[in-house]
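Subject: A structure for you to explore

Hi there,

Here is the structure I promised to pass on to you. Have a look at it first, and then read my notes below with the viewer open.

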Amino acid sequence: MLLMTLTQHAAPATGGGGHGELDVMGAVFVFMLATFIGLMVIQRVSRLLHTPLMSLTNAISAIAVVGAIIVSAGKDYPGYITMLGLVAIFCSTTNIVSGFLITDRMLKMFKKQGGGAK
Amino acid sequence: MSAETLVQVLYLVSTALFILSLKWMSDPETARKGVFSGVGAMTLAIAGTLTGVLATGGTHYWWILGAFALGAAVGYPLAQVPLTAVPQRTALSHAFGGLAAGLVGTAKFFLYYGQKNEAALAPFIVVALVAEILLGFLTFTGSILAAGKLQEVKWIPQRPVTYPLQNVSNLALFALALALGVALVLHPLAPWAPWAFGGIIILSLAFGVLLIIPIGGADMPTVISILNAYAGLSAVAMGFVLNNKLLITAGALDGSSGLILSVIMCKAMNRSFFNVLFGAFGQTSTAGAEGEAKAYKADTTESAAQVMEQADLVVIVPGYGMAVAQAQHKVREVYDLLKKKGVTVKFAIHPVAGRMPGHMNVLLAEAEIPYDDLVEMDEINGDMPQADVVLVIGANDVVNPAARSDKSSPIYGMPIIDADKARAVYAIKRSKAPGFAGIDNELYFLDKTFMLFGDAKGVVGELARKLAGESGH
């Protein structure tokens, strides 16, 4: 279902700044479905792991890097626009690197009785 | 396959990996797989975006590479902080996330405005842009301030800051921002539009500050979760602006995670969202001072150690005090010594213990305490009457029986760990002053309660020595 929605409205506007036909309802659909999936998946996350969960979603929210790259790479954009994009890339990368690393560092510490877990 | 299709396929796989990444977080056994899958998803997302940019003739690649390198150079040390500083680090990274979204939104607006691109500034896009910068910049300043409070930076007030008409003035500012937003949606290319846009940015930055200053330390878990949700939602809004489904999905996953955590935190404090954001805590508790000064019964670690080694079941209730004192490794020593003497030791974890969701679990895991002995509040409460000793380490409100019985208490109705139902209670406390928000804790005045005053690390360390000494090694 989600996959269908995702592919049906394959967005034309990934690169550059030009917008193709804007598919508002398609976007809202994706948002709704993703929110439901998110709610259901995250409800099942063990309370033990709420801190790592938060640092993991931190890293995931750094997906803003996608928008930042698009803005930075635009040809013939005024310099200050590129600058804003580059700063945004910097911020997002910080989150990607630190978010994933610290999540893994924390998860490595969770061990079961007898210390069997990796 | 055209570059366009390739990009979409990469995004599709990336989305699936993000979902799996969160799914694998459900169990400590598979959680690390979740991290790898998340890394894979992010790599594909970046690869896909670069592919798309390359195909449409992008530029500035060296600059982009430089920004990546710089971000990685700053991110790496941020991942090496001590685990007690994880709440600050998390808040700081929410700030980075918010800033990134806000900057991209700003860039997009001025780009379209400069191009006089009416089609790109369709009403729906402008609404999304306004939402993006509002949430982005609000998250930025709010999280910086939250991180500052958590780090106990000197020039940031620790106590909730309140002033008359606080909520009214906040709402008025919010209405002003909304009005500017509506004006922008109607006339995105008006000569004054950049000023209106700038006004919204300034107001958003101010909101971040105004929303966080009235919030006290004990509300931090909720606030951090809410900021987490905002950072995700600003990415969603960016996805709407850029018509990018990957941004929408990943942002929505992050947003729903923040939402769920906020709801759990609010429930664990018996407060509503509204109440956390608009009702400064600490203020209501001034009435508690009346009545005679009650006396604590202090005890020595020696007799505490004696009582604990006679016990069958010892329940340890950790709180923020344990984190501040970095006492988790000493706690582990006590845990080991008691286990060796055949005592069952469990940890009772309140959802809001500490400064962020799951804070205590991570610290205890760091001290290599097996996670099967970390028990959630709802589960352990049934066993509390069987507990011979409860050892409270730097926790206060989460064991305060006033939450059950005293309607006038500001924490009334909050679910607590029933420490008072155990046969004996030992509570480690830094000083004789009341805890957060000046709420007296009745638990400390019960007949079966004995106080161990001092720094948590010192007291627990001494306890460990006494326990070790008596086994005569």
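Of the 118 residues in chain A, 59% count as buried. Please keep in mind that this is a predicted model. Chain A has 5 helices and 0 strands, so its pattern along the sequence simply reads α-α-α-α-α. If you take the contacts in chain A between residues at least 6 apart in sequence, 64% of them join residues at least 24 apart.

Which residues of chain B does A:I63 touch? They are B:A45, B:A235, B:L246, B:L247, B:A250 and B:G251, leaving aside residues up to four places away in sequence. A:I63 also belongs to the largest nonpolar core, which has 208 residues. Together with A:A64, A:A88, B:V317, B:V392 and B:I393, A:I63 touches the most other members of that core. Helix α5 of chain B (residues 123-151) supplies the largest share of this core, with 17 residues.

Now for a pair of helices in chain B. Helix α1 (residues 3-24) and helix α9 (residues 245-268) pack with their axes 10 Å apart, at an angle of about 5 degrees. Angles under 35 degrees count as roughly parallel, and therefore α1(B) is roughly parallel to α9(B). On the α1(B) side, the contact is made by B:Y11, B:S14, B:T15, B:F18, B:I19 and B:L22. From α9(B) come B:K245, B:L246, B:T249, B:A250 and B:L253. These contact residues divide into 7 nonpolar, 3 polar and 1 charged.

Chain B also has a sheet to trace. Its 6 strands form an open sheet with parallel pairing, in the order β3-β2-β1-β4-β5-β6. Which strands sit at the edges? They are β3 (374-376) and β6 (449-453), each of which pairs on one side only. From one strand to the next, the twist averages 25 degrees. Strand β2 (residues 344-349) runs parallel to β3(B) and is joined to β3(B) by 3 bridges. In this pair, B:F347 stands opposite B:L374.

Helix α11 (residues 301-310) touches β1, β4, β5 and β6, and its direction makes about 130 degrees with that of β6(B). Helix α14 (residues 359-366) touches β1, β2 and β3, and its direction makes about 145 degrees with that of β2(B).

Enjoy exploring!

Best wishes

Terms used. Residues are numbered from 1 along each chain as its sequence is written. Chains are lettered from A and ligands numbered from 1 in the order in which they are written. This is a predicted model: local features need pLDDT of at least 70, side-chain atom pairs count only at pLDDT 80 or more; totals for chains, interfaces and linings use all residues. Axes are lines fitted to C-alpha atoms, for helices over the stretch in contact, and angles run from 0 to 180 degrees between N-to-C directions. Helices (H or I, at least four residues) and strands (E, at least two) are DSSP runs, numbered from the N terminus. Angles under 35 degrees count as roughly parallel, over 145 as roughly antiparallel, 65 to 115 as roughly perpendicular and the rest as oblique. Two residues are in contact if their C-beta atoms, placed from the backbone, lie within 7 Å. Ala, Val, Leu, Ile, Met, Phe, Trp, Tyr, Cys and Pro count as nonpolar, Asp, Glu, Lys and Arg as charged, and the others, Gly among them, as polar. Two strands pair if DSSP finds at least two bridges between them. A residue is buried if 20 or more other C-beta atoms lie within 10 Å of its own, exposed if 12 or fewer, and partly exposed in between; C-beta atoms are placed from the backbone. A nonpolar core is a set of buried Ala, Val, Leu, Ile, Met, Phe, Trp, Tyr and Cys residues joined through C-beta atoms within 7 Å.
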